[in-house]
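Dear colleague,

Please find the structure below for your review. My notes on what was found in it follow.

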Amino acid sequence: MLKILILDDAKVIRTLLKMTLESDGIEVDSAVTIEEATQFIMQKKYDLMIVDFMLENNHNGLELVEVAKNQGKNTQTPCIMLSAEDGKTCRDEAQELGVKAWVKKPFTPTGILKVVYKVINIEYLDPKPANKSMHRHD
């Protein structure tokens with residue numbers, strides 16, 4: 001079973017991510033603060049981290065990525081950065097730290113699952129047939 005750590009200070013985003021990932025059979029831990037997420041990465045090994053860029057108290061998710069790359073059990077764990085920001089400087093800094101994908105908020109459940117599976121190199125199997133639309137009534 002895949003294990004993913006989420007760091008986001010917004011409850012609605014944590015809940016949406018957790019529900020989306022768990023509905024696809026993924027084990028999820030979620031954290032509100034960098035300190036809480038750091039405790040998780042020191043204790044458990046994850047297949048992926050999904051981290052919010054802009055956090056409370058002038059923190060950003062890159063702080064966690066840096067800690068994970070330098071210590072604990074997740075030095076090689078890939079990371080997806082979530083953000084309402086889309087500035088080149090932020091993205092460049094994330095890329096330098098090895099962040100594998102940058103997802104702009106808002107996102108869709110299907111969209112985030114596609115990125116998750118692409119980053120961890122697993123084929124995403126869309127549960128809906130491609131030729132069906134919920135708007136068509138055949």
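Which side chain meets that of Lys88 in a salt bridge? The partner is Asp92, at 3.0 Å from N to O; a salt bridge here is a side-chain nitrogen of Lys or Arg within 4 Å of a carboxyl oxygen of Asp or Glu. Because Lys88 and Asp92 are four residues apart in helix 4 (residues 88–96), about one helical turn separates them. Lys88 is exposed at 61% relative accessibility, whereas Asp92 is partly exposed at 29% (buried is under 20% relative accessible area, exposed over 50%, partly exposed in between, with a 1.4 Å probe and protein chains only).

Please note that the model is predicted: local features need pLDDT of at least 70, side-chain atom pairs count only at pLDDT 80 or more, and totals for chains, interfaces and linings use all residues. Residues are numbered from 1 along each chain as its sequence is written, and side-chain values use heavy atoms, leaving out hydrogens and water.

The whole structure holds five salt bridges. In one of them, Lys105 meets Asp8 at 3.2 Å, N to O. Lys105 lies in the loop between strand 5 and helix 5 (109–119) and Asp8 in the loop between strand 1 and helix 1 (11–23), so the pair ties together parts 97 residues apart in sequence (helices, H or I, of at least four residues and strands, E, of at least two are DSSP runs, numbered from the N terminus). Both Lys105 and Asp8 are buried. A network of salt bridges links Asp8, Asp52 and Lys105.

With kind regards
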